[in-house]
Amino acid sequence: MTCFIDTHAHLDAAEFNADRAAVRQRARAAGVLTCVIPAVRATHFDSVRDLAHAQQDVYALGIHPLYTPQARDDELALLDAALLSHHHDPRLVAVGEIGLDGFVPELNTPEAWAKQQLFYKAQLKLAYKHQLPVILHVRRSADLLLKGLRDTPVVGGIAHAFNGSLQQAQAFIALGFKLGFGGALTYDRALQLRRLATELPLSAIVLETDAPDIPPHWLYATAQQRAAGQAQGRNEPAELPRIAQVLAELRGITVDEVANATRANTREALPRLQ
Ligand SMILES: [Zn+2]
């Protein structure tokens, strides 16, 4: 069986409350042996860790940029303490999800932006202190994230749901990062992203679903369908093999080659997965 690692699945999200075990079972049946579950806020640290252990998955601890407006300053101390007390937990593989979001208007007022920057830089420092890679949220923020990575030493990681330029991709790779590709590349109109996924060295790529978000095209409900009452399709890790198939076709290689390479790349980016 062809095996995959989903490097980004928010399996703790409320969208999965009704059928979490079935979702995980479907993924396993499809060959997705490991999911990386990134936390998004300090109040989720325990549940993300418990879930990773219950499902034989792995996890990351961090405060997501979308949650920085309501985050209290002591959450950085909570993260530091959690990274320390779970340092010997082999299922703790990274600090994440951290980063900067340049897209959501409420996060880009001067005050909110300053807080995003403060949390990003502080969490980069914590990742280095605890010698863990980082899982980065990149949305209209690649250059500023790269600046942070040049100012603060890092041990590498993953730029998740990457959708930047070739130059930005190469800059992340030069800093020891892998780039996460998922459902977004399944859309015919995603020309720039598809070109990137085709032209980058395969050694730079890891696979992800970002479940429950970023549905691949076969799950996507159009604005018209949503207006007619159809819910947006929920993405889940079981979709990963089909996403890998799209990448294989774009690159003109087999899905096994994609699976083998991206698993090895993931272990390079997240060495605790070895
Ligand atoms: Zn995420």
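Which handedness does the β-α-β unit made by β2, helix α2 (residues 45-55) and β3 have? Together, these three elements form a right-handed unit. Please keep in mind while browsing that this is a predicted model.

**The sheet**

Let's begin with the overall layout. Eight strands build an open sheet in the order β1-β2-β3-β4-β5-β6-β7-β8, and their pairing is parallel. At the edges sit β1 and β8 (205-207), each of which pairs on one side only. On average, neighbouring strands of this sheet are turned by 30° against each other, with direction ignored.

Now for the start of the chain. Strand β1 (residues 4-6) runs parallel to β2, and 3 bridges join the two. Within this pairing, Phe4 is found opposite Val32 of β2. To get from β1 to β2 the chain passes through helix α1 (residues 20-29), and this β-α-β crossover is right-handed.

Strand β2 (residues 32-38) is mostly covered, with 6 of its 7 residues buried. β2 also pairs with strand β3 (residues 58-61), again in the parallel sense and over 3 bridges. Here Pro38 has Ala60 in β3 as its bridge partner. The two pairings can be set side by side:

| Strand pair | Sense | Bridges | Opposite residues |
|---|---|---|---|
| β1 and β2 | parallel | 3 bridges | Phe4 and Val32 |

**The zinc site**

Which residues hold the zinc ion? His8 and His10, each through NE2, and Glu97, through OE, coordinate the zinc ion at 2.1 Å. Along the chain these donors follow the spacing H-x1-H-x86-E.

His10 has 9%, so His10 is buried. Glu97 has a relative accessibility of 1%, so Glu97 counts as buried too.

**A helix pair**

Finally, have a look at helix α4 (residues 110-129) and helix α5 (residues 142-151). Their axes come within 10 Å and cross at roughly 40°. Angles under 35 degrees would count as roughly parallel, and 65 to 115 as roughly perpendicular. The α4 and α5 axes are therefore oblique to each other. As for handedness, α4 passes α5 in a right-handed crossing.

Note on methods: Residues numbered from 1 in each chain as written. Predicted model: local features only at pLDDT ≥ 70, side-chain atom pairs only at ≥ 80, totals over all residues. Heavy atoms only, no water. Buried < 20%, exposed > 50% of the residue type's maximum accessible area, 1.4 Å probe, protein only. Helix = DSSP H or I, 4+ residues; strand = E, 2+ residues; numbered from the N terminus. Pairing = 2+ DSSP bridges. Right-handed = clockwise from strand over helix to strand, strands pointing away. Donors = N, O, S within 2.8 Å, 3.2 Å for Na, K, Ca; no water. Axes fitted to C-alpha atoms, helices over the stretch in contact; angles between N-to-C directions. Parallel < 35°, antiparallel > 145°, perpendicular 65-115°, else oblique. Left-handed = near helix turned anticlockwise from the far one by under 90°.
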